[in-house]
Amino acid sequence: MSATEHTFLFCDLVGFTALTDAEGDERAAAVGAALQLCVRGAAADHEAEVVKAMGDAAMVRCRDPETGIRLALCLVEEVDSDPVLPPVRIGVHTGPAVSHDGDWYGRAVNVAARLCSVAAGGEVLVSESTLSAASELPRVTIGERRLHWLKNVSEPVAARATELNQRAGRVSRFRASHCPFGMGRAAHRTMESAAS
């Protein structure tokens with residue numbers, strides 16, 4: 001991957017507008033803040049940059065495709081384990097982009113955002129170009145190739161849903177407290193408390 005290539009992740013809570021309408025602004029603010037806490041924690045654990053937080057959504061830049069995919073899968077796990085949060089949907093795409101005034105611009109950014117908008121709740125939709133640029137992804141299941149005609153993108157984008165392989169047994173019982181790719185913040189706090 002050239003120095004100008006970056007991997008971008010967009011995430012968005014499903015049903016946030018309806019939640020705001022039904023439960024009010026205070027509840028919506030609490031849900032948005034809970035998502036942003038999850039995003040910041042997952043990004044820190046994966047050495048990624050949170051470019052911007054937008055209420056019920058966020059944009060993250062990752063150093064490489066593998067990190068972007070793993071971060072996205074961990075974020076789905078974190079959000080799914082939090083009873084306060086509705087499902088999250090995520091789009092991931094890799095390509096050239098330009099940085100200006102703390103933000104990122106380019107087709108790669110636009111495609112990642114559009115993939116997020118067509119993903120289902122709890123789904124990580126990864127462009128085929130990101131998957132082909134990634135090295136091996138152990139413990140990740142890659143779904144069938146689907147073509148997506150994305151809003152204001154001239155050509156269809158091939159993408160695949162990805163998910164974590166579910167491992168039975170002792171390890172799966174501990175998954176709720178941390179990301180399966182490494183120990184997340186909650187697991188570190190739990191272990192530190194137990195050691196005291």
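Predicted model: local features only at pLDDT ≥ 70, side-chain atom pairs only at ≥ 80, totals over all residues.
**Cysteines**

Cysteine 11 is buried, with a relative accessible area of 1%. I use buried for under 20% relative accessible area, exposed for over 50% and partly exposed for in between, with a 1.4 Å probe and protein chains only. I number residues from 1 along each chain as its sequence is written, and side-chain values use heavy atoms, with hydrogens and water left out.

How many disulfides does the structure hold? I found zero, a disulfide being a pair of cysteine sulfur atoms within 2.5 Å. For cysteine 11 the closest cysteine sulfur is that of cysteine 116, and at 6.7 Å this is too far for a bond. Cysteine 38 is in no disulfide either: the nearest cysteine sulfur to it belongs to cysteine 11, 9.4 Å away. Cysteine 38 is buried, at 12% relative accessible area.

I take helices (H or I, at least four residues) and strands (E, at least two) as DSSP runs, numbered from the N terminus. Glutamine 36 lies in helix 2 and is buried, with a relative accessible area of 8%. Which residues does glutamine 36 touch, not counting those up to four places away in sequence? I listed Ala53, Met54, Gly55, Ala57 and Ala58, contact meaning heavy atoms within 4.5 Å. I also checked valine 50, which is 14 residues from glutamine 36 along the chain; their C-alpha atoms are separated by 9.6 Å.

Aspartate 45 lies in helix 2, which covers residues 25-45. I noted aspartate 45 as partly exposed, at 35% relative accessible area.

Glutamate 47 is in the loop between helix 2 and strand 2 (49-54). Glutamate 47 is exposed, with a relative accessible area of 62%. I recorded its phi as positive, about 55°, although glutamate 47 is not a glycine. Most residues other than glycine have a negative phi.

**Two further loop residues**

Aspartate 101 also has a positive phi of about 55° and is not a glycine. I placed aspartate 101 in the loop between strand 5 (98-100) and strand 6 (103-105). Is aspartate 101 buried or exposed? It is exposed, at 75% relative accessible area.

Aspartate 64 sits in the loop between strand 3 (57-62) and helix 3 (65-80). At 17% relative accessibility, aspartate 64 counts as buried. Its side chain makes a polar contact with the side chain of arginine 63, at 3.4 Å. I count as polar a pair of N or O atoms within 3.5 Å; within protein, one must be able to donate a hydrogen and the other to accept it, and residues adjacent in sequence count only if both atoms are side-chain atoms.

**Strand 4 and its partners**

Two strands pair if DSSP finds at least two bridges between them. Strand 1 (residues 5-13) runs antiparallel to strand 4 and is joined to it by nine bridges. Here phenylalanine 10 stands opposite glycine 91. Strand 7 (residues 124-127) pairs with strand 4 in the parallel sense, over three bridges. There I noted isoleucine 90 opposite valine 124.
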